[in-house]
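Hi,

Here's the structure I said I'd pass along. Have a look at it first, and then read on for what turned up.

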Amino acid sequence: MLKQKLKKFVCIYYGWITRYGDWDVDELHIMAYDKQEAIDKANTLLQNKLLKGKPQIITEAYYNQKMKQLSNN
């Protein structure tokens with residue numbers, strides 16, 4: 001049986017950010033074997049936060065690529 005490797009995911013959500021008392025976009029970095037496990041972990045970690053809309057789960061590699069594109073513009 002092959003060993004599965006953990007992958008890095010980023011959960012991006014719009015919610016109440018208590019550290020500065022306002023609504024904003026924030027991110028949560030998650031290690032999981034697949035996207036469904038990342039979604040389950042994000043739901044557990046975010047269940048006590050005030051959210052608006054649905055969080056988005058993407059791989060960390062894709063997130064880093066998009067951030068580089070934004071910084072180049």
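Before the scores: pLDDT is the predictor's confidence in each residue, on a scale from 0 to 100. You'll need that because this is a predicted model. Among the elements, H1 has the highest mean pLDDT, at 95, while helix H2 (residues 60-72) has the lowest, at 90. The protein as a whole averages 91, and 96% of the residues score at least 70.

On the overall layout, there are two helices and three strands, running β-β-α-β-α from the N terminus. The C-alpha atoms fill a box of roughly 50 × 35 × 20 Å along the principal axes. Of the 73 residues, 22% are buried. The accessible surface is about 5,900 Å², and carbon and sulfur atoms hold 53% of that. If you look at contacts with a separation of 6 or more, 51% of them join residues 24 or more positions apart.

Tyr-14 sits in strand E1 (residues 7-17) and counts as partly exposed because its relative accessibility is 36%, between the 20% and 50% cut-offs. Leaving out residues up to four places away in sequence, Tyr-14 touches Trp-23, Asp-24, Val-25, Leu-50, Leu-51 and Lys-52. Its C-alpha is 17 Å from that of Lys-41, which is 27 residues away along the chain.

Tyr-33 is in the loop between strand E2 (22-32) and helix H1 (35-46). At 34% relative accessibility, Tyr-33 is partly exposed too. Together with Leu-6 and Met-31, Tyr-33 forms a nonpolar surface patch with about 260 Å² of accessible area.

Cheers

Note on methods
Residues numbered from 1 in each chain as written. Predicted model: local features only at pLDDT ≥ 70, side-chain atom pairs only at ≥ 80, totals over all residues. Heavy atoms only, no water. Patch = residues over 30% accessible without salt bridge, like charges linked within 9 Å, V, L, I, M, F, W, Y side chains within 5 Å. Areas by Shrake-Rupley, 256 points an atom, 1.4 Å probe, with all protein chains shown as cover. Salt bridge = Lys/Arg side-chain N within 4 Å of Asp/Glu carboxyl O. Helix = DSSP H or I, 4+ residues; strand = E, 2+ residues; numbered from the N terminus. Buried < 20%, exposed > 50% of the residue type's maximum accessible area, 1.4 Å probe, protein only. Contact = heavy atoms within 4.5 Å.
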